[in-house]
Amino acid sequence: MKQSMTTRWRTIDVVVAAVIAVSFGVIFWAWGLLWRAVDPAFAFFPAAQAIMYGVWLVPAVLGGLVIRKPGAALFCEAVAATISALLGSEWGGITIVQGLIQGLGAELAFAAFRYRSFRLPAALLAGALTGLGAALFDFFVWNVEYALTSYRIPYALLTVVSATLIAGAGAGYLTRALAGTGVLDRFPAGRERAAI
């Protein structure tokens, strides 16, 4: 049976995307507090803290996997970043721009599959590309004053790895777990429980 894809958003698509985004906006804010709290644990190699980065990128991949419409990844990541900024993220309003760039990375991955494949390879690519967006932003905005070989390059590489594993694989498995509960039955992800 050939699946036809409509790019038109339903009301439920908007509501679920907003729930994902707002939920992760709160998580982002809390994750920022944890990020600062564990700084000393990474004193031996500060760039290694980028292994925690992937959590900030989950809504882009999760939104794309659940909603399966153009713009879903970008919407979820950008709104989550906006919520975290409004809650008082220490990085301020620039977080919104960063969220747009990160969401665009995941959006490009789903577009590369023409919004027709939402299996694990698509999730991993979405995670990797959103991580690449994050790594490039940090490389040229936040980390420009740090040493190139001992910090900026390892930090960028670890950000992409973290994003691929946490945001990519993590969102893929989270989508599968949510589908198994039945909460996604109104979405293709819920009707293809074994396919993700």
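Visitor: Which helices do the buried residues of α1 pack against?

Guide: Helices are DSSP runs of H or I with at least four residues, strands are runs of E with at least two, and both are numbered from the N terminus. Contact means heavy atoms within 4.5 Å. In this case, the buried residues of α1 pack against α2 (58-67), α3 (72-86) and α6 (148-181).

Visitor: What should I keep in mind about where the values come from?

Guide: This is a predicted model, where local features need pLDDT of at least 70 and side-chain atom pairs count only at pLDDT 80 or more, while totals for chains, interfaces and linings use all residues. Residues are numbered from 1 along each chain as its sequence is written, and side-chain values use heavy atoms, leaving out hydrogens and water.

Visitor: Which residues of α1 are buried?

Guide: Buried means under 20% relative accessible area, exposed means over 50%, and partly exposed is in between (1.4 Å probe, protein chains only). In α1, the buried set is Asp13, Ala17, Ile20, Ala21, Phe24, Gly25, Phe28, Gly32 and Trp35.

Visitor: How many residues does α1 have, and how far does it reach?

Guide: The expected span of a helix is 1.5 Å times one less than its number of residues. Helix α1 (residues 11-37) has 27 residues, and from first C-alpha to last it reaches 39 Å, close to the 39 Å expected.

Visitor: Which residues does the UniProt annotation "transmembrane region" cover?

Guide: UniProt positions are given in the numbering used here with shortened feature names, and annotations may be inferred rather than shown by experiment. According to the unreviewed UniProt entry, "transmembrane region" covers residues 12-31, 43-65, 120-141 and 153-174. You can then look at the model within those ranges. Residues 153-174 are 100% helix and 0% strand, with end C-alpha atoms 30 Å apart. Over residues 43-65, the chain is 35% helix and 0% strand, and the end C-alpha atoms lie 36 Å apart.

Visitor: Now the charged residues, please. How many salt bridges does the structure hold?

Guide: Side chains of opposite charge can pair when their charged atoms come close. A salt bridge is a side-chain nitrogen of Lys or Arg within 4 Å of a carboxyl oxygen of Asp or Glu. The structure holds 4 salt bridges. Among them is the one between arginine 10 and aspartate 13, at 2.9 Å from N to O. Arginine 10 is partly exposed at 32% relative accessibility, whereas aspartate 13 is buried at 0%.

Visitor: Which residues are linked in a network with Asp13?

Guide: Arg10, Asp13 and Lys69 form a network of salt bridges. Lysine 69 pairs with aspartate 13, their closest N and O atoms being 2.6 Å apart. Because lysine 69 lies in the loop between α2 and α3 and aspartate 13 in helix α1, the pair ties together parts 56 residues apart in sequence. Both lysine 69 and aspartate 13 are buried.

Visitor: Where do glutamate 90 and arginine 36 lie?

Guide: Their side chains meet in a salt bridge, 3.0 Å from N to O. Glutamate 90 is in the loop between α3 and α4 and arginine 36 in helix α1, so the pair links distant parts of the chain, 54 residues apart. Glutamate 90 is partly exposed at 47% relative accessible area, and arginine 36 is partly exposed at 37%.
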